[in-house]
Amino acid sequence: MISEHTETTEVTAAPEQLRFTGSGSEYFRIWIVNLLLTIVTFGIYSAWAKVRRLQYFYRNVQLAGSGFDYHGRPIAILKGRVIAFVLFGVANAAFDYHLLIGLLVCVPIAIVLPWLLVRSLRFRLHYTSWRGLRFGFDASVGGGYRVFLAWPLAALATLGLLWPAAHRELKAYQHDHSRFGRARFSFHATRGAFYRMYTIGSLLLLVVPLVALATSTTLAGRLATDGHRPPSATIFLASVAVGAVFYLGILVSRLYFVSRFQNIVWNNTRLENHRFSSDVPLGALAWVSLSNLVLTVATLGLFRPFAVVRMARLRVESITMIPSGSLDEFVGEQSAEVDAFGEEVGDLLDIDIAL
Amino acid sequence: MDTISCRYFDGRSTRPRTVTLAVRDGRAIVEGDDVHREESLESIRVSERMGGAARLVSFPDGGYCEVHDQASLTALLGATGHRESAVARLQSRWSLVLLAVAACLGLAAFTYIELLPWAARHVAAHIPDSAVSAMSTQTLALLDRRLLEPSSLPAATRERLADRFGRMVPPDGAAVPHRVVFRASPSLGANAFALPSGTIVVTDGLVKLADDDDEVLAVLTHELGHVHGRHGLRQLLQSSVVGLFVTWYLGDVSSLVAAVPAALLRARYSRDLEREADAYAARMLRLNGMSPRLLVTMLRKLERGTERGSASEAREDASTGYLANHPATGERIRSLEQE
């Protein structure tokens, strides 16, 4: 491609670990002000809140001494939100009116959804920059229908057997068509890696309920041999224990999935000849997740901004860029603005396609 | 005036240039490695302070200075008369932040205590009767398959109770359409509950627990209170909203942990509804020349029954009965006795 460093092959440069410089107490202040203003403006401020939140996180992610930046404009986001809100309101009202009419309304929505999600990816990257150079996403909409509609349908038809492949195709679609300035990203993870990840994840999820079942039968057996009805406190404790074991399984499987997924994606993504490596430490991830949960519940939710910052720090700082040459040589160009509609629909549907 | 050393990016490449930033005669001046720019202050944008992150001084063409030296920049901005946005000032003052915390907590409490019950009452009142009765028919059919069996009470007893209850005058001059049905249920024990459509299910166990018809009627007035206030629907709406919110808020986490705070938050709502139904029952009993103490007696008996473990807590969410609320029974008896 055009950037100079591709011609000078394999200039060794020091690995650059991503740094996260945000702090919980700083983000807490942004978060609480965002929350209050969003409530008192009946949600209108949420567009401005989103920009401030993303700017805080982007600017505090540092690569080679420079932060990232977010350039989305609140008014564009607000427009997107209003349209998305109306759209879902219509769908909801249609369902309330009659199930059949609701389903009829959903068909066109399902048909335009992939297109919206493509726009969402485009918006997000277009308004992201590092050192003043914008990222970009230029995939065909047809490819979007393939990964957002055809693959998921195929996965559904095969009862999930094809889902790991579908997931891999989705990430490949995202990363193969992303660029930074004029430099292109590429994605090299195999379907095998995704199948291995899902197999281990489901095994963790399956083994633990079996353990829980064994525990409960043992307990029940012991109580039955006592010959009289066990006191309700014992039953309560036993069910809590079984529930806790179940929960542990879900938690372990989830943690494994979060860390493994990030690692697979970033270990197999390249920017021209620059590589990345990701190694999310499972122990630290477990600690941060659990303590975040406990503290968030115990503080009536006020710990949440601290929790978000802790998790962001852990996950961001697990990524290192391994440059094949200087990071000062990327070049780019100005491009047209992108509207925020797709992004906001994605947000409303809670589709996280960011990482 | 002082100059600030920083890095300049031209917006077209990632090459950093070490420069100094200064303000002279109302113009910003950037000087350093092959860079010399002068721009009027009006055309320049300064990014908001975002904690310790570098602040960006941007020019209209996309070039910008990345300033890590926050103290010097703040001094420079102060000297040029730059005003931070109102939101940025709000965020930077802890006293205002604490005020925001208090305001948010206050609003959350207000929503939970006043707004949501109010909204649930209004929404419940506007749910079409056809939807309500369809829902209730389904629930009763489900209960009949799973938990309930045909009543083994003599038909005469059932008819007498239904007939006497049908002739009682409802309070507030508002007739509440209802239907009393009798069922046996080993798993529910002595119990009664109302479905939102007005179907009141009484178990054989409850009728046997009562010493006379009046005590059964007292329980029925309480259930009619639930029907009158559309409590089943309100509880369903409030619980759904609380559940959705808690799950969303603890999002990342798991539904199991989210279930605990959600259950705690819901408990208050069901307590409130029980109290409302108790008050309705007391009014109705007195209106018909009966004593609210009848309900107290029944509550006591039911509470003893629960302690013996003769009744299980299996209940449909859409119905409101006695057993889910037994921890508050003592309090309910006290407030009924004051009626």
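Reader: In this predicted model, which residue forms a salt bridge with Arg17(B), and how far apart are the closest N and O atoms?

Author: A salt bridge is read from the distance between a side-chain nitrogen of Lys or Arg and a carboxyl oxygen of Asp or Glu, which must be within 4 Å. Arg17(B) pairs in this way with Asp34(B), the closest N and O atoms being 3.9 Å apart. The pair links distant parts of the chain, for Arg17(B) lies in strand S2 of chain B and Asp34(B) in the loop between strand S3 and strand S4, 17 residues apart.

Reader: Are Arg17(B) and Asp34(B) buried or exposed?

Author: Burial is judged from relative accessible area, with buried meaning under 20% and exposed over 50%. Arg17(B) is buried because its value is 16%, whereas Asp34(B), at 74%, is exposed.

Reader: Which residue forms a salt bridge with Arg179(A), and where do the two partners lie?

Author: The partner of Arg179(A) is Asp138(A), with the closest N and O atoms 2.7 Å apart. Here too the pair links distant parts of the chain, since Arg179(A) belongs to strand S7 of chain A and Asp138(A) to the loop between strand S6 and helix H5, 41 residues apart. Arg179(A) counts as buried at 18% relative accessibility, while Asp138(A), at 38%, counts as partly exposed. Beyond its near sequence neighbours, up to four places away, Arg179(A) touches several residues, including Phe135(A), Gly136(A) and Phe185(A).

Reader: Which residues are linked in a network of salt bridges, and how many salt bridges are there over all chains?

Author: Arg146(A), Arg168(A), Glu169(A) and Arg191(A) are linked in such a network, and the count over all chains comes to 25.

Terms used: Residues numbered from 1 in each chain as written. Chains lettered and ligands numbered in written order. Predicted model: local features only at pLDDT ≥ 70, side-chain atom pairs only at ≥ 80, totals over all residues. Heavy atoms only, no water. Buried < 20%, exposed > 50% of the residue type's maximum accessible area, 1.4 Å probe, protein only. Contact = heavy atoms within 4.5 Å. Helix = DSSP H or I, 4+ residues; strand = E, 2+ residues; numbered from the N terminus.
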